[in-house]
Amino acid sequence: MPSRFVKGVRRIGHRTINSLLRLGVASRFFVLVLLHSGSSFRRPHLIIKELFSTGVLSLIIILVSGLFVGMVLGMQGYDTLQRYGSEEALGVMVALSLVRELGPVVAALLFASRAGSAITAEIGLMKATEQLSAMEMMAVNPIARVVAPRFWAGVLSMPLLAAMFSAMGVFGGYLVGVKLIGVDEGSFWSQMQSAVDFQQDIVNGIIKSFVFGVAVTAIALFEGYDAPPTAEGVSGATTRTVVTSSLAILALDFVLTAFMFRGEG
Amino acid sequence: MERTTIDLWVGLFVLLGLGAILVLALKVGNLGGVNIADSYSVTANFSNIGGLKVRAPVKSAGVVIGRVSEIYFDGERHEAVASLKLDKQYSFSKDTSASIMTSGLLGEQYIALETGGDSAQLKEGDKIKITQSAVVLESLIGQFIYNKAADGGEGK
Amino acid sequence: MTADNLVEFQNVSFSYGKRPILKGISMAVPRGKVVAIMGGSGCGKTTMLRLIGGQIRPSVGAVAVDGQRVHELDADGLYQMRRRMGMLFQFGALFTDMSVFDNVAFQMREHTDLSESVIRDLVLMKLHAVGLRGARDLMPSELSGGMARRVALARAVALDPMLIMYDEPFAGLDPISLGVIGNLIRRLNDALGATSIVVTHDVHESLEIVDYVYFVSDGVIVAQGTPDEMRASDKPFVHQFVHGEEDGPVPFHYPASAYGEDLRLGGKHA
């Protein structure tokens, strides 16, 4: 039936236009946040206060998860490596997988569900209860006063959290590999140190987590700011934050990895 | 919560994060290992570098004493040139030989330096003259088969 | 525009998309007076406040505040203008992550270079005026509805504005709080020498305290006058509204087809 076909095409067109519009609104929002960041750097206390809720409150989950991920890596890695008689390479395996991939990615995923959802819910509720409107009427720009400090706090805390995750993970791998299974401690560390390159691996990992921090925080803030001012609106936005930022993290990770480690040993 | 408490926690958080980066750099990474801040550079020509990479270790008697800082192709002589950054506290004679070795059968490649008998020392910008290229496994196998075939031919 | 009027609506129309909200409203708010804008829910009262604050632009006409057309101001001019306005939102809209004290101090910290000790004195004065000096360390979640409204009121007058706007200040309050807020609106207006606009559908409470009333229905002004004139008015709409009658110009029934027809009385049953 042609009418149904036309309807289908129309629906596709409608969806495309809508998502493009939303993307446009989101980019405009992002630019506004960057433009209005000046005041939050002149008043660092605004950022410090947000660092507490995004960074400090995510500490426990990041440290504990990092430890467990490292311990599992140590166990599984040993199981695989000892088949080829190269269990001394356990340190290399644990450290490289953490520093390059798992640290930035898993820490960012945890950050999205712990801090990202909280940011969206908070901003969404502030909007629903007219707090943002009230701020505007008090001649204070909510993007400069509320959004920008949260953005920079998120961007700053993400690399720190990822580094803590990786360090904790290496420690976990050391606990299981050396203390529990009995891999030689000397070769565990020395092989790790000769294989992990500061520039190539650690700095690239930090760059990754920085990019993830920008993505997650920007998505969380936009979803909150854009949420319909109702209870369902805010809860839907919170879910969207976690889903969208998780997908964004994984997709960005692929792109970044392709750029950073292509053609490297 | 009190402003000072928040400040304290955030301060701790930042310190912990920076500490983690430091641990990663020094304990996990190679930044703490060979510090090539105080170093001198020499170059060595090889007809084939095999799988040698930039930042590969330079060892002498099995101890890491430097890193490969740059690898490029000399278009005139059609050879590979590797420049090595060596730790300043170690000196080598002018007739030192450099060879590309492999750690283990399939491990990563590194450059081994063996000092000679010359009393003059290698200085910044010098060139190591005696070099031995990487052993390429394929050509080794090829040579082996060729020799076998030649032996077989003689036996008849 | 006469200098006696602080706020003036000059033939203002506004629509959300294709839906008209205001249709050619002209009204004036004289300086120093408390003026009420009354009407049923959803008749565009809050929209009028947002027009005054410059959060939205009129489709036709202009809103002038203190002689300046609000929608012609640039961003800086608008922010300068808003600093001289205070607004009480429907449910207070207190900042939930700050204490009562910080809420009232918010604008002083954002817009002035006053020292913390001066700010402290000013905030305590404002809180004292609404009777909540003792509640300064509470968080908004610990306040009752009436207290939250009073804190919001203290916040709205923090910078001694020339114009105070109230969006449904009486909604959802118990009778005691109702009287308290009503008296505060009047007292603060006279003490600060400000001008107040009260948007409300609470007839009895507001007729006690205001100087002048505009009735808005379906996007147009249907009646205006002093409270006494309104009480005595025999205009059907005003009469219905003031006396809270169920049916009148504002019908009880949402437009529908004839009742009997809808129930299929006398028709053929399928």
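Among contacts in chain B between residues at least 6 apart in sequence, what percentage join residues at least 24 apart? The share is 63%, where contact means heavy atoms within 4.5 Å. The model is a predicted one, in which local features need pLDDT of at least 70 and side-chain atom pairs count only at pLDDT 80 or more, whereas totals for chains, interfaces and linings use all residues. Residues are numbered from 1 along each chain as its sequence is written, chains are lettered from A and ligands numbered from 1 in the order in which they are written, and side-chain values use heavy atoms, with hydrogens and water left out.

Chain B contains two helices and eight strands; helices (H or I, at least four residues) and strands (E, at least two) are DSSP runs, numbered from the N terminus. Along the sequence these elements follow the pattern α-β-β-β-β-β-β-β-β-α. Of its 156 residues, 35% count as buried, a term that denotes under 20% relative accessible area, with exposed over 50% and partly exposed in between (1.4 Å probe, protein chains only).

Chain A is built from 10 helices and zero strands. Its C-alpha atoms fill a box of roughly 65 × 60 × 30 Å along the principal axes, and buried residues make up 49% of its 265 residues. In chain A, 83% of the contacts between residues at least 6 apart in sequence join residues at least 24 apart.

One pair of helices in chain A can be followed in detail. Helix α4 (residues 59-81) of chain A packs against helix α5 (residues 90-128) of chain A at an angle of about 145°, with the axes 10 Å apart. Axes here are lines fitted to C-alpha atoms, for helices over the stretch in contact, and angles run from 0 to 180 degrees between N-to-C directions. The residues that make this contact include A:I61, A:V69 and A:L73 of α4(A) and A:L90, A:M93 and A:L110 of α5(A). By class, the contact residues divide into 13 nonpolar, four polar and one charged; Ala, Val, Leu, Ile, Met, Phe, Trp, Tyr, Cys and Pro count as nonpolar, Asp, Glu, Lys and Arg as charged, and the others, Gly among them, as polar.

Between the chains, two pairs are in contact, and chains A and B share the most contacts. Their contact takes 23 residues from chain B and 27 residues from chain A. The area buried between them is about 2,400 Å², of which carbon and sulfur atoms give 80%; buried area is the accessible area (1.4 Å probe) that two parts lose on being put together, summed over both. B:F13, B:L24 and B:V28 supply 29% of the area that chain B buries against chain A, more than any other three residues. No contact joins chain B and chain C, and their closest C-alpha atoms lie 10 Å apart.

In chain C, helix α5 (residues 145-156) has 12 residues and reaches 16 Å from its first C-alpha to its last, close to the 16 Å expected at 1.5 Å a residue, the expected span being 1.5 Å times one less than the number of residues. Because 10 of its 12 residues are buried, α5(C) is largely enclosed by the rest of the structure. Its buried residues include C:G146, C:V151 and C:L153. Their cover includes α6 (131-137) of chain A, as well as β6 (85-88) and α3 (100-111) of chain C.

Elsewhere in chain C, C:H71 lies in the loop between β5 (68-69) and α2 (75-83). Not counting residues up to four places away in sequence, C:H71 touches C:R57, C:P58, C:G61, C:A62 and C:V63.
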